[in-house]
Amino acid sequence: QIQLVESGGGSVQAGGSLRLSCASSTDIILTYCMAWFRQAPGKEREGVATLDSDGTTTYTASAKGRFTISKDNAKYTLYLQMSNLKPEDTATYYCAAAPVCASYDSDAYNYWGQGTQVTVSS
């Protein structure tokens with residue numbers, strides 16, 4: 001059974017950093033497109049970054065220059081390093097996996113974690 005488990009969320013002040021982790025129960029991380037999404041209260045889920053199996057990365061405008069997506073294949077773990085955090089980054093962050101990278105269409109992602117909360121105070 002494929003499971004994705006996020007961790008690393010917390011509360012930080014604006015300008016701070018956090019590193020989110022997403023541990024996979026299988027080697028799906030080696031062959032699938034992995035992504036981070038987030039959802040703020042009262043808002044729709046939105047994409048943050050993707051990491052294809054060939055190492056290609058994409059970032060949405062809000063994440064570019066501040067966030068870095070990466071993975072450790074040996075640990076079956078996906079990461080999101082977030083720096084210079086802003087209050088508008090406050091959200092529940094989810095990792096997800098899809099057979100192929102399909103932009104940020106959440107319907108294309110088959111597997112989801114339970115989410116980890118990130119709160120950024122001003």
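Mentor: Keep in mind that this is a predicted model. Start with the disulfides: the structure holds 2.

Trainee: What makes Cys22 and Cys95 a disulfide?

Mentor: The S to S distance is 2.0 Å. The cut-off is within 2.5 Å, so the pair counts as a disulfide.

Trainee: Why is the disulfide of Cys22 and Cys95 called right-handed?

Mentor: Look at the torsion about the S-S bond. For this pair the torsion is about 55 degrees, so the disulfide is right-handed.

Trainee: Which parts does the pair of Cys22 and Cys95 tie together?

Mentor: Cys22 lies in strand β3, residues 18-24. Cys95 lies in strand β9, residues 91-98. The pair therefore ties together parts that are 73 residues apart in sequence.

Trainee: Why does Cys22 count as buried?

Mentor: Buried means under 20% relative accessible area. Cys22 has 1%, so Cys22 counts as buried. Cys95 has 0%, so Cys95 is buried too.

Trainee: How do you know that Cys33 and Cys101 are joined by a disulfide?

Mentor: Their S to S distance is 2.1 Å. That is within 2.5 Å, so the pair qualifies. The torsion about the S-S bond is about 90 degrees, so this disulfide is right-handed.

Trainee: Where do Cys33 and Cys101 lie?

Mentor: Cys33 is in strand β4, residues 33-39. Cys101 is in the loop between β9 and β10. So this pair ties together parts that are 68 residues apart in sequence.

Trainee: Is Cys101 buried, partly exposed or exposed?

Mentor: Cys101 has a relative accessible area of 30%. Buried is under 20% and exposed is over 50%, so Cys101 is partly exposed. Cys33 has 0%, so Cys33 is buried.

Trainee: What pattern do the disulfides follow?

Mentor: The pattern is 1-3, 2-4, with bonded cysteines counted along the chain.

Trainee: Now the sheet. Which strands form the open sheet, and in what order?

Mentor: There are 4 strands, in the order β1-β3-β8-β7, and the pairing is antiparallel.

Trainee: What makes β1 and β7 edge strands?

Mentor: Each pairs on one side only. β1 covers 4-7 and β7 covers 67-72. Across the sheet, the twist averages 15 degrees from one strand to the next.

Trainee: How do you know that β7 and β8 pair?

Mentor: Count the bridges: 6 join β7 to β8, residues 77-82. Pairing needs at least two, so β7 and β8 pair. They run antiparallel. As one example, the bridge partner of Lys71 is Leu78 in β8.

Note on methods. Residues are numbered from 1 along each chain as its sequence is written. This is a predicted model: local features need pLDDT of at least 70, side-chain atom pairs count only at pLDDT 80 or more; totals for chains, interfaces and linings use all residues. Side-chain values use heavy atoms; hydrogens and water are left out. Axes are lines fitted to C-alpha atoms, for helices over the stretch in contact, and angles run from 0 to 180 degrees between N-to-C directions. Buried means under 20% relative accessible area, exposed over 50%, partly exposed in between (1.4 Å probe, protein chains only).
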